Amino acid sequence: MTQETIEFQAEVAKVLDIVIHSLYSDKEIFLRELISNGADACEKLRYAGLTHPEWTAKAGALRLTITPDKKAGTLTITDNGIGMNHDDLVNHLGTIARSGSAEFFKSLSGDKQKDMALIGQFGVGFYASFMVADKVQVRTRKAGEEQGWLWQSNGAGSYTIESDDSAPVGTSVILHLKKDESEFLDAFRLRHLIKQYSDFVPFPIYLTEDKKEEKINAGSALWMRPKSEIDQTQYKDFYQSVSHAFDTPWETLHLHVEGVIDYTALMFIPTEAPHTLFQPDKPTNVSLYVNQVFISNDIPDIMPYWLRFMTGVIDTKDLPLNVSREMLQQTPVLTKIKQGLVKKILSALNKRAEKSEEYQTFWKSFGVVLKEGLYEPSENREEIAKLCRFYSTNGDDLTSLADYVLRMKPEQKNIYYLTGSHLESLRSSPQLEGLKARGIEVLLLTDPVDEFWTNTYPEFDGHKFIPVQQAGDELEKIKPVEAKGDALSKDKADKLLAHIKSVLGDKVKEVKLTERLTDSAVSLITGAGQMSLHLERLMRAHGQKTAFESTRILQINPRHPLIHKLADLTGEDSDNIIHLLYDQALLAEGENLPNPSDFNRRLIQLMMK
Ligand code: ADP
Ligand code: MG
């Protein structure tokens, strides 16, 4: 077969362009990426060998070899793993299969260190080769197939594929190093890099120099060793190599569990949230091993979604090696392991939560994910609620629900909250006035997920979650610390409410008096059981429109001097003020004015007087 030239998929071409032209710090990670691919290929062959023992028999001991050639200026990374056929080459080295690449571009920050970390996280690992090489060749043959292949590219736009009868089973990636990258031909430097990044790769990695072979990595499964033999640096290095991250783990859980089911787990909570946290099709960072044989790092639900930031390894003897994907979905073994692990993770979090400063680091990275666990009933819901932290009107720090409950007024039954997009605007929201005046604390919730769990979470320690807009009944019972002015007489109030309603028409469903305001004259809310204004805005931002638009209630503060004046006014002035008050209530809620020029006209008219 003659040589074929094929264009890279557009996304790949873009990734390559970024890799080649704009990112040049930490170039050395290309080696980690290629070694990780070689080790994956060995793991895949070992697994395939369960059904095709002749393949593994032929391959012999699975291994990786790193060969620098100073004369030729090449660095070759060879594995005797599963290999690739023609279609694999096109699909895996010419295409980015996952939708992740779009996310990848969005996440680029311009900060080189962060952008490099992204390369690993988004699985564009192979392309890192082009950071150090101006030409890359891949010689490969797939296990069980006759035909070998040579793939070549200089990273610019296209690649070629031709048959190569001499290629053995497995893969060699031959990097023709750029002129100024000769440091990667230096055995000393290579030895150091392999140790640093790939020490725990479970296959031996050999460095070949002048025909001499030297095994570099420790190569054993770190998680199987007793805890007492492992130091923090080893844990950190292992974490970085399994998660492709650059940070230090915030928490390390190393468990050897013996009981109904035996398993070992080495799990980490990262310090920094990876950019893929909200990418639904991102495979998990939790790998399942059976007796130290890699099975999969892509098992759905291996962790609950509200713990999806966990990374690490689970190893058990209680599953058969040839466990199928279908079986993994059903087996009670995995369910039991998961249940046990989740309990351990929650209790580790609970312990760390005692040190509030340290715990903040975790909460800022992953609180928003953990809170997703409040939404649905589960055996862990109570425990999750205890671990949650919120801003509130009580000072600037985060508070737990337990502490909130301790501070509740004696007559107070409910836990109050206010949702919105920005903490600062929540702090100054008129909705809080009446509660502040009564010394009632309010949780200030700014994550979209808060709109959801607050509606489904039944109660904490016997206290229901109530949005401040619906604080009505209880407020009547609790006296404000200082009362402000006299209320409008019943007669005047009734007239005024009817008048306002007639002026505003369909803009509001209802006009009502409220004791919830002190400094403001009016405020807008939605009725009980209706979507809050903030949630409406979130839905609109996601393109979901009018069907959800709820009906608004304008609340009037009967003690406010402006309302007293308004009750005595008639005619155009009164109409203008009513419209302006309504618009200003919209603004206070973070809404846009539907008709700004109307607003301006009325304002000018009033100012002229
Ligand atoms: P990832 O490893 O995250 O999938 P990479 O860019 O590193 O992303 O590799 C892309 C794909 O190319 C791999 O998933 C694998 O299918 C294939 N591949 C890369 N290197 C090898 C190799 N040495 N042997 C077999 N397949 C490989
Ligand atoms: Mg890879």
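Mentor: Gladly! Let us begin with a cut-off: a residue is called buried when its relative accessible area is under 20%, and exposed when that area is over 50%. Keep in mind that this is a predicted model.

Trainee: Why is F30 called buried?

Mentor: F30 has 0% relative accessibility. The cut-off for buried is under 20%, so F30 counts as buried.

Trainee: What makes F30 and F184 an aromatic pair, and of which kind?

Mentor: Two rings pair if their centres lie within 6.5 Å, and planes over 60 degrees apart count as edge-to-face. For F30 and F184 the centres are 5.0 Å apart and the planes are at 80 degrees, which gives an edge-to-face pair. F184 is buried as well, with a relative accessible area of 1%.

Trainee: Why is this pair said to tie parts of the chain together?

Mentor: F30 belongs to helix 2 (residues 29-48), while F184 is in the loop between strand 7 (170-177) and helix 7 (187-198), so the pair joins parts that are 154 residues apart in sequence. The structure holds 20 aromatic pairs. There is also an aromatic cluster, formed by F8, F126, Y127, W151 and Y159.

Trainee: How do you know that the charged end of R32 sits over the ring of F246?

Mentor: One part of the test is that the end atom lies within 6 Å of the ring centre; the other is that it lies within 35 degrees of the ring normal. The charged end of R32 is 5.6 Å from the centre of the F246 ring, and it is listed as sitting over that ring.

Trainee: What makes K211 stand out?

Mentor: Most residues other than glycine have a negative phi. K211 is not a glycine, yet its phi is positive, about 70 degrees. K211 is placed in the loop between strand 8 (205-209) and strand 9 (212-215).

Trainee: Is K211 buried or exposed?

Mentor: K211 has 83% relative accessibility. Exposed begins over 50%, so K211 counts as exposed.

Trainee: Which phi does D461 have, and where does D461 lie?

Mentor: D461 has a positive phi of about 55 degrees, although it is not a glycine. D461 lies in the loop between strand 19 (459-460) and strand 20 (463-467). With 56% relative accessibility, D461 counts as exposed. For a glycine, look at G543, which follows helix 19 and has a positive phi near 75 degrees.

Trainee: Which residues of helix 19 are buried, and what do they pack against?

Mentor: In helix 19 (residues 533-541) the buried residues are L533, H534, L535, E536, L538 and M539. They pack against strand 17 (415-419), helix 16 (450-456), strand 22 (522-526) and strand 23 (552-556).

Trainee: Why is T78 called partly exposed?

Mentor: The relative accessible area of T78 is 23%. T78 lies in strand 3 (residues 74-79). Leaving aside neighbours within four places in sequence, T78 is in contact with R63, L64, T65, T171 and S172.

Trainee: What makes I82 buried?

Mentor: I82 has a relative accessible area of 16%. Buried means under 20%, so I82 is buried. I82 lies in the loop between strand 3 and helix 4 (86-93). Among the contacts of I82 beyond four places in sequence are A41, L45 and R141.

Trainee: How do you know that F599 is buried?

Mentor: F599 is at 15% relative accessibility, so it counts as buried. F599 is found in helix 22 (residues 596-608), and it touches L580, D583, L587 and L593, not counting residues up to four places away in sequence.

Trainee: How do helix 20 and helix 21 cross?

Mentor: The axes of helix 20 (residues 561-568) and helix 21 (residues 571-588) come within 10 Å and cross at roughly 145 degrees. The contact is made by L562, I563 and L566 of helix 20 together with S574, I577, I578 and L581 of helix 21. By class, that contact has six nonpolar residues, one polar and no charged.

Definitions and conventions: Residues numbered from 1 in each chain as written. Chains lettered and ligands numbered in written order. Predicted model: local features only at pLDDT ≥ 70, side-chain atom pairs only at ≥ 80, totals over all residues. Heavy atoms only, no water. Axes fitted to C-alpha atoms, helices over the stretch in contact; angles between N-to-C directions. Helix = DSSP H or I, 4+ residues; strand = E, 2+ residues; numbered from the N terminus. Contact = heavy atoms within 4.5 Å. Nonpolar A, V, L, I, M, F, W, Y, C, P; charged D, E, K, R; others polar. Phe/Tyr/Trp six-rings, centres within 6.5 Å; stacked < 30°, edge-to-face > 60°. Buried < 20%, exposed > 50% of the residue type's maximum accessible area, 1.4 Å probe, protein only.
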